[in-house]
Amino acid sequence: IHKDTFANVVAEALAHGVIVVAPPVAALPDIYHDHVVFVAPPDGQKPLELTDRSPIPNVDSAYTSEATVRAYAEAIQRLEADPVAKEAHRARGTEWARRTFQWDAITSAFYRDVTVGVSNVCHGNLLR
């Protein structure tokens, strides 16, 4: 699973009217709240702790199982089954992303993240 601390691709997708369906990993839930359709692994499939909170990419069978793929398909089918709710979700996500992630906000967040990352490297505070 690829993760990053800000997920520019999610911000860009929302701002362009794409409904994002994604796993609730790393900082995604904290940043995007209910503007993203989150799909967790089905009951009984516990993700690795590394997957849930670390920005380090990893392979996690909880997110690659047939049951999880079915959960994604079902989330998409629920969206498709209610066109009015789907378009309301799309419009709300688009408006929120365009308002929240203006260039000034994006560059400030990027600068902050790079500064923290460089500081962590310089001080040996890396996640392992």
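This passage describes the contact of helix α1 with helix α5 and the aromatic pairs in a predicted model. Local features need pLDDT of at least 70 and side-chain atom pairs count only at pLDDT 80 or more, while totals for chains, interfaces and linings use all residues. Residues are numbered from 1 along each chain as its sequence is written, and side-chain values use heavy atoms, with hydrogens and water left out.

Helix α1 spans residues 8-15 and helix α5 residues 83-100; helices are DSSP runs (H or I, at least four residues) numbered from the N terminus. The axes of α1 and α5 come within 7 Å and cross at roughly 120°. Axes are lines fitted to C-alpha atoms, for helices over the stretch in contact, and angles run from 0 to 180 degrees between N-to-C directions. The two helices are therefore oblique to each other (angles under 35 degrees count as roughly parallel, over 145 as roughly antiparallel, 65 to 115 as roughly perpendicular and the rest as oblique). The crossing of α1 past α5 is left-handed, that is, the near helix is turned anticlockwise from the far one by less than a right angle.

On the α1 side, Ala11, Leu14 and Ala15 meet Gly93, Thr94, Trp96, Ala97 and Arg98 of α5 (contact means heavy atoms within 4.5 Å). The residues of this contact comprise five nonpolar, two polar and one charged; Ala, Val, Leu, Ile, Met, Phe, Trp, Tyr, Cys and Pro count as nonpolar, Asp, Glu, Lys and Arg as charged, and the others, Gly among them, as polar. Val10, Ala11, Ala13, Leu14 and Ala15 are the buried residues of α1 (under 20% relative accessible area, 1.4 Å probe, protein chains only), and they pack against α2 and α5. Just after α1, Gly17 has a positive phi of about 85°.

Three aromatic pairs are found in the whole structure; rings of Phe, Tyr and Trp (its six-membered ring) pair if their centres lie within 6.5 Å, and planes under 30 degrees apart count as stacked, over 60 as edge-to-face and the rest as tilted. Tyr32 and Trp96 form an edge-to-face pair, because their ring centres are 5.9 Å apart and their planes stand at 75°. Tyr32 lies in helix α2 (residues 28-32) and Trp96 in helix α5, 64 residues apart. Tyr32 is buried at a relative accessible area of 0%, and Trp96 counts as buried at 10%. Tyr32 also forms a tilted pair with Phe101, at 5.8 Å centre to centre and 50° between the planes. Phe101 is in the loop between α5 and α6 (103-123), so this pair ties together parts 69 residues apart in sequence. Phe101 counts as buried at 13% relative accessibility.

Notes: Buried means under 20% relative accessible area, exposed over 50%, partly exposed in between (1.4 Å probe, protein chains only).
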